[in-house]
Amino acid sequence: MPPLPSAVTVVEVGPRDGLQNEADVVTTDTKVAFIDALSASGLSRIEVTAFVSPRWVPQMADAAEVCARRARRPGVVYSALVPNRAGLDRAVAAGVDEVASFAAASESFSRKNINQSIDESLAHYAEVCRHATSLGLPVRGDLSTCFGCPYEGAVAPAAVARVSAALLAMGVREVVISDAIGVAQPGQIGPVLDAVTRTVPLSQVALHLHDTRGMAAANVLAGLHYGVTTFDSAAGGLGGCPFAPGASGNLATEELVYLLHGLGIHTGVSLDAVAAASRVLGGALGRPLPSRYLRDTEGRA
Ligand code: MG
């Protein structure tokens, strides 16, 4: 096996991907305090909110206010999710450093999730990319259902590679190979990355993994052995299904950092500081967060 990378960038997505999935709307004060605590933990990239329609996603209705009120720590890249040109314009006005937009590798998921075919969604993506890059704003290309689809089942690595190549051609800085439904297994990581990296340089590939079936750490390890150096995660393991209390969603930042540091891989992140930020948030939400690292160290930290 090739040697593990010596350093990894952790992209914190809890304030967006996590809090967007909360059943109850979280107050702006709580969000800003959470983001500021994460900024102070050594995380260098944080997805703070989404500029989406408040009609569809009321949890993110305060996106501009969150951006205006959060501390701006030097060296931290603050990004926001934008689905289209209107969202991009709002994100630019709010002064974000980077935007993320999303597509799916599975045709059925794309149609059910955003009511567009993959190619229709790519046309919108291209418009967002064109305008963002003309402003010097880097774009993350988030690509979901790379390891399986809730409607179609298996997704061919070639399908993931096709959309990844299209995103790269549009000028995205990074393609995020995402398992938002949490079905990926370690044996899939290599074949999917083999297909994707035929076009996309490995240094521009990130992995976004969920722990729904307990496979996230094993998948991270497979990604590390492949040479991936950018991983998404959410503090506290936020982003579980709001209707299944305690269910695991996004890979928890505490568990990712614990794994990486245990392997001697540098992250620049203070595990204690992230755990403390998650504990404060859990207190505000009034429930324990899914992260097992957090639960196991409760009262001992
Ligand atoms: Mg996610």
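This is a predicted model: local features need pLDDT of at least 70, side-chain atom pairs count only at pLDDT 80 or more; totals for chains, interfaces and linings use all residues.
A search of the whole structure finds 17 salt bridges. One of them joins the side chains of D29 and R69, with an N to O distance of 2.5 Å. D29 belongs to helix α2 (residues 28–39) and R69 to helix α3 (residues 63–69), so this pair ties together parts that are 40 residues apart in sequence. D29 counts as exposed, at 51% relative accessibility. R69 counts as partly exposed, at 37%.

R69 also meets the side chain of E65 in a salt bridge, at 3.3 Å, N to O. Here both residues lie in helix α3. They are four residues apart, about one turn of the helix. E65 counts as partly exposed, with a relative accessibility of 40%. Elsewhere, salt bridges that share partners join R45, E98, R140, R173, E174 and D232 into one network.

The side chains of K31 and D62 meet at 2.8 Å, N to O. This pair links distant parts of the chain, 31 residues apart. K31 is in helix α2, whereas D62 is in the loop between β2 (45–50) and α3. D62 is buried, with a relative accessible area of 13%. K31 is buried as well, at 5%. Both values fall under the 20% cut-off for burial.

E254 presents another case of a charged residue. It lies in helix α10 (residues 253–262). E254 is buried yet has no salt bridge. The nearest side chain of opposite charge is that of R279, 7.3 Å away. A salt bridge requires a separation within 4 Å. Beyond neighbours within four places in sequence, E254 is in contact with A235, G236, G237, L271, V274, A275, S278, S291, Y293 and L294.

S79 is located in strand β3 (residues 77–81). At 2% relative accessibility, S79 counts as buried. With neighbours within four places in sequence set aside, its contacts are I46, E47, V48, T49 and E98. E98 is also a member of the salt-bridge network.

Helix packing was examined for α7 and α8. Helix α7 spans residues 157–170 and helix α8 residues 186–196. Their axes come within 8 Å and cross at roughly 40 degrees. That angle makes α7 oblique to α8. The crossing is right-handed. On the α7 side, the contact is made by P157, V160, A161 and S164. On the α8 side, P191, V192, A195 and V196 take part.

Technical notes: Residues are numbered from 1 along each chain as its sequence is written. Side-chain values use heavy atoms; hydrogens and water are left out. Helices (H or I, at least four residues) and strands (E, at least two) are DSSP runs, numbered from the N terminus. Buried means under 20% relative accessible area, exposed over 50%, partly exposed in between (1.4 Å probe, protein chains only). Lys and Arg count as positive and Asp and Glu as negative; His and the chain ends are not counted. Contact means heavy atoms within 4.5 Å. Axes are lines fitted to C-alpha atoms, for helices over the stretch in contact, and angles run from 0 to 180 degrees between N-to-C directions. Angles under 35 degrees count as roughly parallel, over 145 as roughly antiparallel, 65 to 115 as roughly perpendicular and the rest as oblique. A crossing is left-handed if the near helix is turned anticlockwise from the far one by less than a right angle, and right-handed if clockwise.
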